Amino acid sequence: MSRYGPATALIVVDVQNDFADPAGGLSVAGGDRIVPVVNGEIERAIAAGAAVVYTQDWHPPSTPHFAKDGGLWPVHCVADTWGAALHPALVVAGPSVRKGATGEDGYSGFTMRDPVSGATVPTDLETLLRERGVTDVVVTGLATDYCVRATALDAVRLGFPTTVLTDAVAAVDLSPGDGDAALAEIAGAGIRLATSASSASSASSASADPGSAR
Ligand SMILES: [Zn+2]
């Protein structure tokens, strides 16, 4: 039994050197350890005919997202640098959606937020999934308490029954417990939590709405 089928997309969030490599600019503890787990899911997804889609943080050198420019974060994932590249051990088997390229905060793979106006703008991800006939998504990657959380919450808001694989994510934990709190919030939003080893025979969030595609 597989959680994947032709109408499923596996979303691999921000498995980039700056997050996943211990030498990265915003290294996530355990970020490199999820890479083989994610690769196993990518293999299972491909075998089942599912789509595999990646996201990448893709920032300009200066952005209000960075602490040096008045924001929260150390410099990370500057466009076209080593840190922004997908981890070299990650299997790449699909398109990548880049977020934040014109200075937005890009936590979710689906939406970005203008840090000045607060306006939310969509990325290409939803269109890409709808065009492929995707009706449900599985979310993996980095980091649990930021981009994975935001991507999963947006996915379910957009009507995709959503699963997060708890052993294929890792948290920043800026404050201890942030990752666990994010998983609790995710579960509270009606998102299924599973592990990579579990076979998801029950796609049982019953009200999957087949009419929501395109
Ligand atoms: Zn960022």
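Reply: Happy to start with Pro 74, which counts as partly exposed because it has 13 C-beta neighbours inside 10 Å. (A residue is buried if 20 or more other C-beta atoms lie within 10 Å of its own, exposed if 12 or fewer, and partly exposed in between, with C-beta atoms placed from the backbone.) Before going further, please keep in mind that this is a predicted model, in which local features need pLDDT of at least 70 and side-chain atom pairs count only at pLDDT 80 or more, while totals for chains, interfaces and linings use all residues. Residues are numbered from 1 along each chain as its sequence is written.

Pro 74 sits in the loop between strand 2 and strand 3. (Helices, H or I with at least four residues, and strands, E with at least two, are DSSP runs numbered from the N terminus.) Leaving aside residues up to four places away in sequence, Pro 74 touches Gly 25, Leu 26 and Ala 67. (Contact here is a distance within 7 Å between C-beta atoms placed from the backbone.) Leu 26 is 48 residues away from Pro 74 along the chain, yet their C-alpha atoms are separated by 6.6 Å.

The loop between strand 2 (51-57) and strand 3 also holds Asp 80. Asp 80 has a positive phi near 65°, in a residue other than glycine. With 8 C-beta neighbours inside 10 Å, Asp 80 counts as exposed.

From this loop, let's step to the sheet. Six strands form an open sheet in the order 3-2-1-6-7-8, with parallel pairing. (Two strands pair if DSSP finds at least two bridges between them.) Its edges are strand 3 (96-99) and strand 8 (192-194), each pairing on one side only. On average, neighbouring strands of the sheet are turned by 25° against each other, direction ignored. (Axes are lines fitted to C-alpha atoms, for helices over the stretch in contact, and angles run from 0 to 180 degrees between N-to-C directions.)

Inside the sheet, strand 1 (residues 8-13) and strand 6 (residues 136-142) run parallel and are joined by six bridges. Ala 9 stands opposite Val 137 of strand 6. On to the next pair: strand 6 and strand 7 also run parallel, joined by five bridges, and Gly 141 has Val 169 in strand 7 as its bridge partner. Seven of the nine residues of strand 7 are buried, so strand 7 is largely enclosed by the rest of the structure.

Ala 143 lies in the loop between strand 6 and helix 4. Helix 4 itself is mostly covered, with 12 of its 14 residues buried; among them are Tyr 146, Cys 147 and Val 148. The cover over those buried residues includes strand 1, strand 2, strand 4 (111-113), strand 6, strand 7 and helix 5. Just after helix 4, Gly 159 takes a positive phi of about 100°.

Helix 5 deserves a look of its own. The axes of helix 4 (residues 144-157) and helix 5 (residues 178-188) come within 9 Å and cross at roughly 10°. That makes helix 4 roughly parallel to helix 5. (Angles under 35 degrees count as roughly parallel, over 145 as roughly antiparallel, 65 to 115 as roughly perpendicular and the rest as oblique.) Helix 4 brings Thr 144, Asp 145, Arg 149, Ala 152 and Leu 153 to the contact, while helix 5 brings Asp 178, Gly 179, Ala 182, Leu 183, Glu 185 and Ile 186. By class, that contact has five nonpolar, two polar and four charged residues. (Ala, Val, Leu, Ile, Met, Phe, Trp, Tyr, Cys and Pro count as nonpolar, Asp, Glu, Lys and Arg as charged, and the others, Gly among them, as polar.)

Between strand 7 (162-170) and helix 5 lies a loop containing Asp 173. Asp 173 is partly exposed, with 18 other C-beta atoms within 10 Å, and its phi is positive, near 50°.

Finally, the whole chain: it has five helices and eight strands, in the pattern β-α-α-β-β-β-β-α-β-α-β-α-β. Of the 214 residues, 48% count as buried. Among contacts between residues at least 6 apart in sequence, 71% join residues at least 24 apart.

Notes:
Two residues are in contact if their C-beta atoms, placed from the backbone, lie within 7 Å.
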